[in-house]
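Reader: I have a model to read and would like to take it feature by feature. Where do we begin?

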Amino acid sequence: MSETTEKPSETLVEITLNDKKISAPEGSTILDACKQADIDTPTLCWAENLTPVNVCRVCVVEVEGSRALVPSCSRPIEEGMVISTDSERVNTSRRMVLELLASSVELDRADKEILEWITYYGSNPDRMGNSSEIKTSKQPVKIQDDLYVRDYERCILCYKCVEACGDDAQHTFAIATAGRGFEAHISTEFDVELPDSACVYCGNCIGVCPTGALVFKTEHDMREDNSWDPDNQEVTETICGFCGVGCNLELHTQDEKIVKVTSPSDHSVTEGHLCIKGRFGWQHAQPKN
Ligand code: SF4
Ligand code: SF4
Ligand code: FES
């Protein structure tokens, strides 16, 4: 499914990006070149610590000579490529992708930038009908343990969690897509409850989920009682003390309590991924009530 992405080399390739000639390392993707040129590009299924799976198509650009729009997150640049990221065709396509997703999936807890792209591209999910009635992903929240919650009503099937649980990080393969078409969904083997599945509770799937479908139980509970307040949260970096690997932890605190733990995706040790101890083993550090 995914197109391979080669590692950037020292050899430079010249391309034309929105009418400007630029040089970028051979093996870079179009998305890398856009970042280098400070061009904001929406992405949903891409993450810097995962292999591109090419499923959302929100990152598409126009490449001269190519009949179809091209996913920038996975297509390597080629010498002389002429790329447009801001044409009417590109903007219409991005608007439609975001509109269709937002009309079928609850996105009110999605990453802020997704909501900003919906506004920027002028997507109007209500055009598809009363969105509260037509959500195709309607289903109950799965709360099966004290660590994290799966709320697939918010899932856009970007596959990031599957990649993080599989080849790209955890190699546990506890979750995968099941079903086809409208029935497609993320599931454990035979849809067993998470504690009975192969899941080892590393939380790497939570770390990459862009829509709030997978969240810490703390975040879920605080959102439900309206006390989740990201603007009043601090992030403190520290090193995990559980073993000698040296993983960087980002402790997100609100009212002097840890509410969730992440790791920087550009960190050379973790690449954003942790184990159960680093991700969830912080109760002993909480103030006693
Ligand atoms: S917590 Fe880890 S093992 Fe469990 S489903 Fe998520 S990525 Fe896979
Ligand atoms: S649960 Fe999150 S990460 Fe997994 S496919 Fe759905 S939106 Fe993507
Ligand atoms: S971000 Fe490129 S296809 Fe999803």
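Reader: What should the 17 residues of helix H2 span at 1.5 Å a residue?

Author: First, this is a predicted model: local features need pLDDT of at least 70, side-chain atom pairs count only at pLDDT 80 or more, and totals for chains, interfaces and linings use all residues. Residues are numbered from 1 along each chain as its sequence is written, and chains are lettered from A and ligands numbered from 1 in the order in which they are written. Helices (H or I, at least four residues) and strands (E, at least two) are DSSP runs, numbered from the N terminus. The expected span is 1.5 Å times one less than the number of residues. For H2, residues 88-104, that should be 24 Å, and the end C-alpha atoms are 24 Å apart, which agrees.

Reader: Which residues of H2 are buried?

Author: An α-helix has 3.6 residues a turn, so residues three or four places apart point the same way. Buried means 20 or more other C-beta atoms within 10 Å of a residue's own, with C-beta atoms placed from the backbone; exposed means 12 or fewer, and partly exposed lies in between. In H2 the buried set includes Val90, Arg94, Val97, Leu98 and Leu101.

Reader: In what sense do E11 and E12 pair?

Author: Pairing needs at least two DSSP bridges between two strands. E11 (residues 233-239) and E12 (residues 248-254) are antiparallel, over seven bridges. Glu237 faces Glu250 in E12.

Reader: How many bridges join E12 to E13?

Author: Five, and the strands run antiparallel; E13 covers residues 257-262. Gln254 has Lys257 as its bridge partner. Two residues lie between the strands of this hairpin, where Asp255 takes a positive phi near 50°.
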